[in-house]
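Have a look at the structure first, then try each task before reading on.

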Amino acid sequence: MTANPLPDVRDDIVAFKRAMAERRPALKQAFAELEDHVRREADEIQADAAAGRDVIPQIDFAAIRDGRVTDAFREAVRRRGCAIIRGVFPRAQIEAWNQELGEYLESNGYYEREKEKRGLDQYFSTLAAGKPQIFGIYWSKPQVLARQDPNLAQTRAFLNRLWRVDGPDGQVFNPDLECTYADRTRRREPGDKTLGLSPHMDGGSVERWIDPGFQKVYEAVFSGNWRDYDPFDARYRLETREIPSPAVCSMFRTFQGWTALTRQGPNDGTLRLVPIANQMAYMLLRAMMDDVAEDDLCGARPGRALSATEEWHAPLLAAEVPIPTVEPGDTVWWHTDVVHAVGNEHNGSDYANVMYIGAAPDCTKNRAYLSRQKQAFLDGRSPPDFAAEDYETDFVGRATLEDLTELGRRQMGF
Ligand SMILES: [Fe+2]
């Protein structure tokens with residue numbers, strides 16, 4: 001490991017805030033309204049949760065397959081910024097894949113190798129000792145087959161189509177075709193206390209204020225017209241430039257997501273969400289208020305996830321809820337600008353396992369990533385966005401080109 005070459009962005013932050021000086025009174029006014037809006041949303045969310053009503057919109061995959069989704073459901077997802085699509089994969093298929101994944105790790109000696117690597121990195125490691133819960137594998141057959149599954153393709157096309165894709169030069173992305181973003185898998189042991197993730201957003205931190213592409217995405221917010229900001233407007237989303245780091249996804253994702261490999265619910269150390277679609281407006285404006293230092297954005301740090309904290313974002317965190325119990329083959333999705341967290345403790349009795357598979361539609365930005373990812377697949381190396389652990393180069397049973405269907409090849413850029 002080398003020292004982190006992340007840029008010092010304090011001057012950029014100060015410059016941005018100074019450039020916005022004239023707008024400050026309007027932004028204060030906007031923030032006051034927005035805070036009121038967020039508090040009311042949080043109250044409604046917690047009241048719904050307490051009454052046992054769905055907070056996170058959920059639907060069966062069959063409704064998507066059969067074209068029975070109502071406009072009310074689409075609106076609910078656009079308002080809550082997240083969704084659960086159930087029964088995308090048959091349970092028996094998922095259970096077989098979950099088993100196979102476990103064997104793939106075991107028989108290829110993942111645990112021993114991980115320990116060796118950790119030994120080497122011990123000086124830098126902040127992780128407590130213990131079995132890993134997130135695995136740096138990307139190319140097992142279950143993962144590759146799941147990513148190219150036609151049902152999942154249909155699910156993601158449905159989600160992509162919740163976005164407004166028309167831009168000045170035609171469609172910003174093709175909602176009906178995916179680009180595969182190979183990601184890891186989680187196998188969380190019962191009793192595990194090492195994996196909790198505090199509330200955060202992925203896909204950029206300080207960039208969201210200081211990058212010219214993001215400034216266009218959030219122009220309505222930075223003008224004080226937060227009600228005009230549409231989180232599902234695709235325009236300018238491909239123009240953002242993220243600071244490269246193992247914590248940041250360089251593809252454009254309409255939704256982050258995962259597929260459940262096991263049954264897991266609120267007590268099982270799994271996902272928690274802040275189900276408010278336009279919450280980014282709150283994050284952005286909060287950092288522009290007078291009680292935040294001129295060179296600070298509520299603690300946002302380059303190359304890291306963007307944290308939501310009690311100190312700065314309490315009204316937002318008041319809306320946080322756990323996902324309801326999901327079954328093997330169900331999928332969970334959240335907009336790329338939605339705060340999410342992973343519970344600190346897994347108090348359930350079974351493994352809480354998932355495959356991370358989000359929605360990354362076909363577009364210029366994502367194709368550029370595919371061209372870099374392809375060779376990693378062929379060689380069994382870690383994909384370009386991830387730490388170069390390269391566990392799988394000699395793993396037996398890894399997926400190869402022959403395992404890709406025609407759809408899989410297109411999604412992978414072959
Ligand atoms: Fe995350």
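**Exercise 1.** In which order do the seven strands of the open sheet stand?

*Solution.* A note before we start: this is a predicted model, in which local features need pLDDT of at least 70, side-chain atom pairs count only at pLDDT 80 or more, and totals for chains, interfaces and linings use all residues. Residues are numbered from 1 along each chain as its sequence is written.
Step 1: take helices (H or I, at least four residues) and strands (E, at least two) as DSSP runs, numbered from the N terminus. Two strands pair if DSSP finds at least two bridges between them.
Step 2: the order reads E1-E2-E13-E9-E15-E7-E3, with mixed pairing.
Step 3: E1 (58–60) and E3 (134–135) each have a single partner strand, so one side of each lacks a neighbour in the sheet.

**Exercise 2.** Describe the surroundings of strand E13.

*Solution.* Step 1: E13 (residues 331–335) runs antiparallel to E9 (residues 255–260), joined by five bridges. Trp 334 is the bridge partner of Gln 256, and Trp 333 that of Gly 257.
Step 1: four bridges link E13 to E2 (residues 82–86), also antiparallel; here Ala 83 stands opposite Trp 333.
Step 2: five of the five residues of E13 are buried (20 or more other C-beta atoms within 10 Å of their own, with C-beta atoms placed from the backbone; exposed means 12 or fewer, partly exposed in between). Thr 331, Trp 333 and His 335 point one way, Val 332 and Trp 334 the other.
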